[in-house]
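Please read the following walk through a protein model with the sequence and the coordinates side by side.

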Amino acid sequence: MKPSIYNLTQQELADWLVKNGEKKFRVTQLWDWLYVKRVQAFTEMTNLSKELIRRLTEEFSVNPLQEVVAQESSDGTVKYLFELEDKHMIETVLMRHQYGLSVCVTTQIGCNIGCTFCASGLLKKQRNLTTGEIVAQIMQVQHYLDEKSQNERVSHIVVMGIGEPFDNYDAVMNFLYIMNDPKGLAIGARHMTVSTSGIVPKIKQFADNGLQVNLAISLHAPNNDVRTAIMRINKAYPLEKLMDAVDYYLAKTNRRITFEYIMLSHVNDRIEHARELAQLLHNKKKLVYVNLIPYNPVDEHDNYQRSQSDDILAFYQELKRHGINCVIRQEHGTDIDAACGQLRSKQMKKMK
């Protein structure tokens with residue numbers, strides 16, 4: 001299988017061109033064809049020489065994804081199931097917000113983090129996605145938008161799909177650089193968010209990187225006992241180590257962190273849990289934001305249920321009473337396979 005041209009940052013593409021006897025300025029033309037004109041074949045790049053097109057065609061593919069299913073919700077959310085060249089399948093989601101169009105991308109085939117409530121982990125990690133496979137998810141969605149309207153564009157990105165992004169750190173960072181490139185899609189760094197379950201060394205590395213991409217942490221519990229029970233990663237990086245990394249990130253960047261908190265009935269949604277969470281975040285409350293997420297039940301994890309609306313509201317009000325900035329996440333795509341991994345899991349069952 002040929003690697004996707006989307007694997008390359010602009011600098012890497014410039015280096016490849018020079019190595020192959022081309023003038024460096026060709027990178028601007030090629031980048032424009034890929035990310036501004038958004039062609040899907042090298043033969044459409046009409047201002048490149050036939051020889052260069054031949055070399056590009058020999059060495060690279062353009063799009064490594066094939067659409068299998070696209071589910072569209074009544075609220076405009078679109079959930080895609082894409083097949084990769086090695087026949088593995090991944091999910092990508094387009095969400096419509098008042099502030100723009102956001103795409104949630106997948107970074108791994110399967111996941112090894114082992115959160116006990118999550119559909120993503122039903123398939124253990126098979127491999128990391130390449131940078132090109134992550135970029136292609138955005139390009140596929142943008143092509144979909146281009147076909148429907150010339151005026152809509154992906155404006156925000158969340159790296160929160162299947163997999164642990166910081167377990168595929170280098171590919172994810174190159175993806176962010178490509179998305180942020182001002183001569184391409186030019187998606188602002190502050191319009192992109194990377195979510196991690198809490199890989200402490202990578203949180204610190206991300207802080208040192210300097211790219212002003214937002215950070216979200218999947219917390220889901222206010223103490224080690226509950227978090228270890230539902231998130232295996234807490235054994236390696238308990239809350240003490242995680243909060244130390246959070247303090248490092250805040251001191252280094254002075255940028256706000258979002259804490260994701262899935263509301264699980266009778267597991268982590270009691271008022272005492274809210275008070276514990278407020279205490280955990282008390283000395284950071286000026287730079288933290290809690291996102292309370294109603295749980296999307298997963299057939300394979302039927303021991304977990306969504307918290308009652310009154311319990312979620314009471315939890316929210318208790319956090320607010322303690323001065324913690326928080327919000328109850330607006331739901332998208334509730335009439336389709338909403339949870340990460342559900343669409344892929346259903347499709348795989350059909351194929352058996």
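This is a predicted model: local features need pLDDT of at least 70, side-chain atom pairs count only at pLDDT 80 or more; totals for chains, interfaces and linings use all residues.

Residues are numbered from 1 along each chain as its sequence is written, and side-chain values use heavy atoms, with hydrogens and water left out.

A nonpolar core is here a set of buried Ala, Val, Leu, Ile, Met, Phe, Trp, Tyr and Cys residues joined through side-chain atoms within 4.5 Å, where buried means under 20% relative accessible area, exposed over 50%, and partly exposed in between, with a 1.4 Å probe and protein chains only. The largest such core holds 109 residues, and the members that touch the most others are Ile5, Phe175, Leu176, Met179, Phe259, Val290 and Leu319. Because domain 1 (5–59) and domain 2 (65–351) both give residues to this core, it lies between them; the domain bounds come from an automatic or database domain assignment. With contact taken as heavy atoms within 4.5 Å, and leaving aside neighbours within four places in sequence, Ile5 is in contact with Leu13, Leu34, Phe42, Leu56, Phe60, Ser61 and Val62.

Ile324 sits in the loop between helix H11 (309–321) and strand E12 (326–328), helices (H or I, at least four residues) and strands (E, at least two) being DSSP runs numbered from the N terminus. Although in a loop, Ile324 counts as buried, at 2% relative accessibility. Its C-alpha is 9.6 Å from that of Gln279, a residue 45 positions away in sequence.

The UniProt annotation "binding site", from an unreviewed entry, covers Cys111, Cys115 and Cys118; its positions are given in the numbering used here, feature names are shortened, and annotations may be inferred rather than shown by experiment. Cys111 lies in the loop between strand E5 (108–109) and strand E6 (127–128), and Cys115 is found in the loop between E5 and E6 as well. Cys111 is buried at 9% relative accessible area, and Cys115 is buried at 16%. Beyond neighbours within four places in sequence, Cys111 is in contact with residues including Ser120, Leu123 and Glu164, whereas Cys115 is in contact with Ile230 and Met231.

Side chains of opposite charge can pair when their charged atoms come close. Counting a salt bridge as a side-chain nitrogen of Lys or Arg within 4 Å of a carboxyl oxygen of Asp or Glu, a search of the whole structure finds 20. In one of them, Glu260 pairs with Arg329, with 2.8 Å between the closest N and O atoms. This pair links distant parts of the chain, since Glu260 is in strand E10 (residues 257–263) and Arg329 is in the loop between E12 and helix H12 (342–351), 69 residues apart. Glu260 is buried at 4%, while Arg329 is partly exposed at 31%. By contrast, Arg55 and Glu51, whose closest N and O atoms are 3.2 Å apart, are four residues apart in helix H3 (residues 50–59) and therefore separated by about one helical turn. Glu51 and Arg55 also belong, with Arg54 and Glu58, to a network of salt bridges.
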